[in-house]
Amino acid sequence: MNHNEEKKTVRVFSLTAFLHDVGSDMVFPFWPFFVTSVLGASASVLGFLDGLGDALVSISQAASGYLSDKTRKRKVFIWLGYLFGAAARVGYAFSFIWQHLVPFRILDRSGKIRGAPRDAVLADVSTDANRGKNFGFLHAMDNLGAVCGILLALFLVRFLDLRTIFLIAAIPSLLGVLLIIFAIKEAPQSERKIFKGLSLAHLTPAFKLFLSLSAIFSLGSFSYSFLLLYVKELGFPIVSMPLFYLLFTAVAAVAALPFGKLSDRWGRKNIALIGFGFWGLASLTLLLGVPWAAFVALALYGLHKGALEPVQRTFVAELAPTEYRASALGGFQMVMGLLAFPSSFLAGVLWEKVSPAAPFALSLVLTLIAMVLLLFVRERRETKI
């Protein structure tokens, strides 16, 4: 693949991510309150739905990563993933009890089949010198789309009900599907090695350690829904929740590219440590229990997303064998998502049975453990892709 084609691939993926998140984030700011206030579900049900979604993300990415490596096809998984997301939003619009949400939540989060194949392509067309920047740019556009989606939703909610907004939210993802189908060129079969299957023996000790500590962190990294619910507990009205969602999303959009570039210069591990630290500080700030802490905590959460999300995938791509990248990326996301299910569900139970502060206290402890283990991970950087 020549340089111009590589740049086109990065730009098309980033634009598609932007469009998809415009649609997604017309839904996400209202999701906790649609589930609890409109459909009358409890915090435990919210935790169940969010955790179920995260678990399905993990399974879908593992399956698509393996199949993508096995068949040497990437593109079909990417555009199908965006199509699933669009279809799910239509389903949300026609849900009238929380049980109706379950199949559409499954469809929505199964749309993450796009993730591992897309990230594998992005890693393949990048070098050590620009891989962090390219992943950072993708996530910056992703979060910029979220900002635009939130602003559009805040405008539309003055004139339309939530169900109509959810229907409109399907349109940007459908545009993204067309972009992938017509603008991305699949690499010829002959350019790729024969896939013989991934086993633990193919993975380095550094990859296994990074997977383990990320799993520990994931147990305390519950859904954003609980951050917004806690902000509500601090005395802020429901109508202000999209603004807090906008705050952390905008910060993540601004932070992703700079942190991606810094990871190319300072190393993946250092930026990952910073990303974990931002989450820990966000949890600690909320535990103060004062209204001003909400603004600081949500900004720190945005910095956490901007720093950790791009570097985490970059790190995994570099620690994994090149010919198994999609499988390794998918397997990594599978572990994270499977642990996110008990994380969000446990957060809901702790919220109801102990106190709203309990999930954040547990998260702080797990974050500190993960940061200590990360110090022992050895980076592996290639000289050429």
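Student: At what angle do helix H10 and helix H15 pack, and how far apart are their axes?

Tutor: Helix H10 (residues 205-220) and helix H15 (residues 325-353) pack at about 25°, and their axes are 8 Å apart. Axes here are lines fitted to C-alpha atoms, for helices over the stretch in contact, and angles run from 0 to 180 degrees between N-to-C directions. Helices are DSSP runs of H or I with at least four residues, numbered from the N terminus.

Student: Is H10 roughly parallel or roughly antiparallel to H15?

Tutor: That angle makes H10 roughly parallel to H15. Angles under 35 degrees count as roughly parallel, over 145 as roughly antiparallel, 65 to 115 as roughly perpendicular and the rest as oblique.

Student: What do I need to know about the model itself?

Tutor: It is a predicted model: local features need pLDDT of at least 70, side-chain atom pairs count only at pLDDT 80 or more, and totals for chains, interfaces and linings use all residues. Residues are numbered from 1 along each chain as its sequence is written, and side-chain values use heavy atoms, with hydrogens and water left out.

Student: Back to the pair. Is the crossing of H10 and H15 left-handed or right-handed?

Tutor: H10 passes H15 in a right-handed crossing. A crossing is right-handed if the near helix is turned clockwise from the far one by less than a right angle, and left-handed if anticlockwise.

Student: Which residues make the contact?

Tutor: On H10 they include Phe207, Phe210 and Leu211. On H15 they include Phe332, Val335 and Met336. Contact means heavy atoms within 4.5 Å.

Student: How many nonpolar, polar and charged residues are in it?

Tutor: The contact of H10 with H15 has twelve nonpolar, four polar and no charged residues. Ala, Val, Leu, Ile, Met, Phe, Trp, Tyr, Cys and Pro count as nonpolar, Asp, Glu, Lys and Arg as charged, and the others, Gly among them, as polar.

Student: What about H11 and H14? At what angle do they pack?

Tutor: Helix H11 (residues 224-233) and H14 pack at about 170°, with axes 11 Å apart. H11 and H14 are therefore roughly antiparallel to each other. Their crossing is left-handed. Tyr224, Leu227 and Val231 of H11 meet Ala294, Leu298 and Tyr301 of H14. That contact has six nonpolar, no polar and no charged residues.

Student: New topic. How many residues has the largest nonpolar core?

Tutor: It has 87 residues. Those with the most contacts inside it are Trp31, Leu101, Phe210, Tyr224, Leu227, Phe244 and Leu374. Helix H14 (residues 292-319) gives the largest share, eleven residues. A nonpolar core is a set of buried Ala, Val, Leu, Ile, Met, Phe, Trp, Tyr and Cys residues joined through side-chain atoms within 4.5 Å. Buried means under 20% relative accessible area, exposed over 50%, partly exposed in between (1.4 Å probe, protein chains only).

Student: Is Gly302 buried or exposed?

Tutor: Gly302 is buried, with a relative accessible area of 0%. Its place is in helix H14. Leaving aside neighbours within four places in sequence, Gly302 is in contact with Phe248, Val251 and Ala252.

Student: And Lys269, buried or exposed?

Tutor: Lys269 counts as buried, at 18% relative accessibility. Lys269 lies in helix H13 (residues 268-286). Apart from neighbours within four places in sequence, Lys269 is in contact with Phe315, Leu374, Leu375, Val377 and Glu379.

Student: Last one. How many residues of helix H6 are buried?

Tutor: Nine of the ten residues in helix H6 (residues 115-124) are buried. Among them are Arg118 and Asp119.

Key:
Helix = DSSP H or I, 4+ residues; strand = E, 2+ residues; numbered from the N terminus.
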